[in-house]
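Take a moment with the model below.

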Amino acid sequence: MSETLWGLRARSVAKARKAFLRGEPEGLHDLRVALRRTEATASALGREKIEKRARKMVRSLSPLRQLEVDRELLARIRDLGRIPESVAATLDAQWSAEYAGDYARAARAAQGPKLRGLEKRLRRLDRPSRDKAVARLETNRRKLEEKLLPPAEDANDRRLHRYRVGVKRARYLAEDLAALGMERLEDRIDREKGLQDALGHWNDVHLFRERLKVIRAKSEERGSVGLAADLDPVIAALGETLASVRREAFAVAGRLARVLPFLERSA
């Protein structure tokens with residue numbers, strides 16, 4: 001029921017916030033996901049203030065999360081020997097210092113009144129009937145489903161990003177409906193999660209490569225031609241990786257699109 005749904009949102013935010021403050025490896029990721037889910041649920045159920053607050057909090061954590069992902073990717077290509085050790089060490093030191101500062105600020109915010117206030121407000125929300133909640137969630141879910149057909153393969157990065165966000169929100173609402181007792185959604189949820197993961201991989205590589213391109217351009221401006229030259233082959237190799245993961249994401253999207261009519265009839 002909707003009471004359980006709002007309670008689930010409050011509990012997931014509280015649990016993820018505590019995990020983040022304890023420094024758990026997935027704490028930041030889980031906190032952003034919990035807030036994203038809250039945003040999607042609030043949007044579907046007409047809770048505009050909750051939606052806006054959750055979205056604002058997610059955005060405030062996004063740069064820190066991207067830096068976390070970039071550091072993980074840097075460590076991976078460093079272990080593979082695909083970036084000069086001197087360059088990897090320089091970037092690692094720079095990003096580690098940047099991360100420490102950003103993390104401290106995010107931790108203070110996580111302990112502050114805005115996030116705790118959101119948790120309390122979620123617990124106090126009024127509880128519309130289950131039927132009303134299901135109807136609103138399903139209406140919003142179907143609107144999102146209409147956009148699940150993949151964009152053209154030559155779509156620009158912004159269009160593909162919007163598609164990724166739409167897939168994510170559709171999955172979250174399907175999981176809300178499942179939590180309210182709607183049956184036969186498991187296959188949809190699994191397929192959409194697979195697509196979300198593939199698109200997320202593309203997004204991670206894309207943003208990591210963009211960060212390196214910015215660093216290269218700034219290095220060249222400062223006259224650090226050696227660093228710029230060292231980054232050129234890394235950026236080129238990442239371009240090939242990016243093309244590969246993009247093709248894989250479109251392949252997963254195509255498989256989902258082919259079964260959508262069957263899923264629609266079986267629901």
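Predicted model: local features only at pLDDT ≥ 70, side-chain atom pairs only at ≥ 80, totals over all residues.

Residues are numbered from 1 along each chain as its sequence is written, and side-chain values use heavy atoms, with hydrogens and water left out.

Start with the core. A nonpolar core is a set of buried Ala, Val, Leu, Ile, Met, Phe, Trp, Tyr and Cys residues joined through side-chain atoms within 4.5 Å. Buried means under 20% relative accessible area, exposed means over 50%, and partly exposed lies in between (1.4 Å probe, protein chains only). The largest nonpolar core has 72 residues, and Leu35 and Leu212 touch the most other members. Helix α9 (residues 225–266) gives this core its largest share, 12 residues. Helices are DSSP runs (H or I, at least four residues), numbered from the N terminus.

What does Leu35 touch, leaving aside its neighbours within four places in sequence? Its contacts (heavy atoms within 4.5 Å) are Val13, Ala54, Met57, Val58, Leu61, Leu115 and Leu118.

Two of these, Leu115 and Leu118, are buried in α5, along with Glu119 and Leu122. The arc is that of the directions from the helix axis to the C-beta atoms. Turned away from the buried side are the exposed residues Pro113, Lys114, Lys120 and Arg124. Why such a pattern? An α-helix has 3.6 residues a turn, so residues three or four places apart point the same way.

Now look at helix α6 (residues 130–145). Its 16 residues reach 22 Å from first C-alpha to last, close to the 22 Å expected at 1.5 Å a residue. The expected span is 1.5 Å times one less than the number of residues. Ala133, Val134, Leu137, Arg141, Leu144 and Glu145 are buried in α6. They fall within an arc of 95° seen down the axis, so they line one face of the helix. Asp131 and Lys143 are exposed on the other side.

Finish with the rings. Phe20, Tyr99 and Tyr103 are linked into a cluster by ring pairs. A charge sits over a ring if NZ of Lys or CZ of Arg is within 6 Å of the ring centre and within 35 degrees of the ring normal. Arg71 has its charged end over the ring of Tyr99, 4.8 Å from the centre. The charged end of Arg211 sits over the ring of Trp95, at 5.4 Å from its centre.

How values were computed: Helix = DSSP H or I, 4+ residues; strand = E, 2+ residues; numbered from the N terminus. Phe/Tyr/Trp six-rings, centres within 6.5 Å; stacked < 30°, edge-to-face > 60°.
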